[in-house]
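Let's take a walk through this one together. Have the sequence and the model open side by side, and we'll go from one spot to the next.

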Amino acid sequence: MTEQNARNILLHFSQERLGKLKDMDTLARENPFFAQYLAGLRHNALIDFDDILVLTDRLLQQTEILDKVRAGLRFILVDEFQDTDRMQYTILKRLALRQDLNTKRCENIIPVFAVADDDQSIFAWRGAHPENIHEFFTEFLAGQDEAVLRLETNYRCAGHIVEAANRLMARAPRLFDKSPRAHRAAGKAVQILSYNSPEEEIEGIAQAILAARQQNVPLSDMAILYRRHNTGQQIEMALLEKGIPCQVIRRTSQFEAPAMKRWLLLMRAILNPDDDLALAELIGLTCDDATRRYFEQQHQTATGKQALRHILWEALEADQSDVRRAAGKIVGWLAFGKTCLDTSPCLSHWIATLGAFLKADTAPLPPLAAPSPDLVTAAKWLARLSQVKGTLVIAATDPLVEEVATYLVTHTLAGQAAFHICACRKLPPQMPTEKAVLLALDHAAEQTATRQWKFDGILLVATTLPGQATYARRQVDPGALPTDERGAQPSRFVTLWKLMRTYLAATLQPLFSDYTIVDLETTDKDAHHCDIVEVAAIRIRQGQETEAYSQLVRPALEPISAEAEKTHHISAEMVADAPTFEAIAPALHAFLGQDLLVAHNGLAFDFKVLRRRFRDVGLKFDHPFFDTLLFARQLYADHPSIKRCRLEDLAQAHGIEIGTAHRALDDTRTLAAVFQAMQRDYQEQRAATLGAETLGILALAMLLEMSEAEAAASSLFQAGVSLWKTATDDWLMSRLETEPAAATAAAVWRRRVGSDPPETDHQTPEVLAALAKRYDDLPTREGMQALLDFTRLMTAADHWRDCEAVTLMTIHAAKGLEFSHVWLPALEESSPVSGSPPPAANPNHSHDRLEEERRLLYVGLTRAQEQAVLSWAKTRDGNSRTHLRFLADLGQLVLAGENGSALSPDMA
């Protein structure tokens, strides 16, 4: 089944459920595909978008719930009412109307204000039911025309554009009579141009764009809107060849990019262990075709909850090395992500932590010089301030510099500091904490702040440093940073960013400080059937061994195999008088407590054996696990000398002495030392990425201090431009655009990011961490769920931003936007002129479809404020074409153009 076929099937399901209001049981009986689809959703503990509405309606049918929801509502506002489907209208009626059981009349118990324009109903293909407008008029307004407010003045479009739009809709059926009129002057006439070919059409549009640019029309005020995505792809290539910057709002959003999607799927699989669909997609994105087919075949015959997750675990012991490696990688991600989820203070920290673990996906920062002694000392001050949970006050004489500096510091630290951060101008009269440090960005700001408040320490980061530093007053010179970091001029923002990075590096905590390491020796290598002959565990607190448990065990399930005895040298005679596992299980279980359990190859063997044996004696074994073998394979994937990740190999690489190999207690102590070394190596990788997610903020801030050419000397500025993402940083951009003093910086930045450089896999953790900052005030699990919900609702159009580039997007995506100059190309009938039935007989051109095409053109036309140009090609895809039939309604508004021939009135 192709993706398009799947989309069409899902669209049909949606139309049946939301348009025809068929209940799930009825649809499942009528359509076996839907029954399978629904079963798949429920099996994976998922709901789809249709379920959101259907289940909401089902809940509101319960009187108690309906009354509770109604109690929290005073008014209801529904925007874009023409785009609602029948299910949404049903929900609205449940909320706002109450029916008298005797008279069957409806009483409006909650006031509803609906904003609608049936001329802009362009989403019937996905279930919109514009007839809801008339039903609302009848059921909510009792057919009273005086209750309808007609907003007929168009403040956006020039007069000729409004007149053209009126002519276009004059023959269209309307639910309400209306006479739109323009508030603005007539302006330029609407053009309708014909071209011989698509190439000529694109050339004509390009020349018109260049001409408008010469007349000082910004590229950001121009848009090319089209009905189909492939039109935009052709135009994009042509414009780029001519050096015309453009941003294309594509069919898919950035969250559909493979690297980004892998992260989101990983989050889904960690949050919802039942979500085998997420795991299946993750396998598809991660594995080669042969390995993917292996897991697909295994999954087809599996049943039960979490079937694919169990298959991955079993695959850790598969005969095929490719399958073992793939399973180890994915299981390692899941295990590491799950464990870090329980220890990370906020979502962006979790993403940064996992990003360092998945180092292949992490963008290395430009090479940085070691922090100066002044920065190191300042970082130690911040560490002490964090210990006492004090307040860091940021002050600058320039209010904008103070605000941007506070924003940069807050987002770089991302909740990883215990001290409060506050701009000086927002301080209350009383300092909020007992301890406070002033971080001043100029001497005047320092003097002003110290006259009003008392500080325990002062950090002055300024280009002019008066006097000498003292014990309680430290100075940091931005000019001391290398030019390739700060730019051609000293930068307080770069110094602040590097100070926060130095603080984060100095306060990085080990992944895990408290845990228990376990190791088993067994009767053979079969984790499904073997018995335990020796078990050892050592408890680690703050990185140090505090207690040990070690016990030989007499096997009860099977004898010790010759191969196993040769490995661990434990004979049947040695364990003849030892207790069985059933006898030691309570003491071992108590020793393990609820600790994080760490073992080498634990997921494939030790944990699996312990879970089975504890279950045999009626004890639960549901501890969090961490497998150092999977961790090592990821951590040292590209290491020049560590090629194998056996415990003895890792110990040798780190110079750790091994005790008696394959004896449980000695192996646990060896693993404790190896794990400490691995955590140090991980910390180095983690430290190398600190602050990367705020490089975009830093780069924009630098333009407040220096020219573009001076900033371009900084490698941090160059990296920041490429990492800029709208997810978090749009606030800063919008803030600067309101400041006259920042106009130059904002203009330079719009031009810099207008080319919209392609996102690479390496940028994914930084992009996600930047986006995740908005959820850092939530518990990590809730923040992750909120982020997933947000990315599901985001569309490609949501990534549109105002930058110095021509916008290319579909008309559907452009709804709600406006541009000074708009081009609407490729306005041909969908069927070729010859070799097919005439349009009137073509079943694809039903009356409803035709009228929706008319409304779609109306929406595109009314995106234009000053100039609208409509065009069509006489040939496309090797076939002769004719213009959309209702273009003839606009014939007499034609203004002859320089490119292409104008449509003559006699075509009407």
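**A walk through the fold**

Start with strand 12, which is covered on both faces: A436, L438 and A440 on one side and V437 and L439 on the other are all buried. Here buried means under 20% relative accessible area, exposed means over 50%, and partly exposed is what falls in between (1.4 Å probe, protein chains only). Strand 12 spans residues 436-440, and five of its five residues are buried. Strands and helices here are DSSP runs numbered from the N terminus, with helices being H or I of at least four residues and strands being E of at least two.

Before going on, a word on what you're looking at: this is a predicted model, where local features need pLDDT of at least 70 and side-chain atom pairs count only at pLDDT 80 or more, while totals for chains, interfaces and linings use all residues. Residues are numbered from 1 along each chain as its sequence is written, and side-chain values use heavy atoms, with hydrogens and water left out.

Now, which strands does strand 12 pair with? One partner is strand 10, in the parallel sense over five bridges, and another is strand 13 (residues 457-461), also in the parallel sense, over four bridges. Two strands pair if DSSP finds at least two bridges between them. To find these pairings on screen, look for I394, whose bridge partner in strand 12 is L439, and for V437, whose bridge partner in strand 13 is G457.

K389 has 55% relative accessibility, so it counts as exposed. K389 and A436 are 47 residues apart in sequence, but 9.1 Å apart in space, C-alpha to C-alpha. Setting aside residues up to four places away in sequence, K389 touches A418, F419, H420 and T433. Contact means heavy atoms within 4.5 Å.

Is T495 buried or exposed? Its relative accessibility is 1%, so T495 counts as buried. You'll find T495 in helix 21 (residues 492-506). Apart from neighbours within four places in sequence, T495 is in contact with L375, V461, V476, P478 and L481.

Two packed helices are described by the angle between their axes and the distance between the axes. Helix 4 (residues 49-60) and helix 6 (residues 86-96) pack at about 25°, with axes 10 Å apart. The two helices are therefore roughly parallel to each other, a label for angles under 35 degrees, with over 145 counting as roughly antiparallel, 65 to 115 as roughly perpendicular and the rest as oblique. Which residues make the contact? Helix 4 supplies L53, V54, T56, D57 and L60, and helix 6 supplies M87, Q88, T90, I91, R94 and L95.

Two loop residues in this part of the chain deserve a look. L21 sits in the loop between helix 1 (3-19) and helix 2 (24-30), and its phi is near 60°, a positive value in a residue other than glycine. A45, in the loop between helix 3 (32-43) and helix 4, also has a positive phi for a residue other than glycine, near 55°. L21 counts as partly exposed at 33% relative accessibility, and A45 is partly exposed with a relative accessible area of 42%.

Finally, zoom out. The chain has 36 helices and 25 strands, and buried residues make up 52% of its 908 residues.

Definitions and conventions: Axes are lines fitted to C-alpha atoms, for helices over the stretch in contact, and angles run from 0 to 180 degrees between N-to-C directions.
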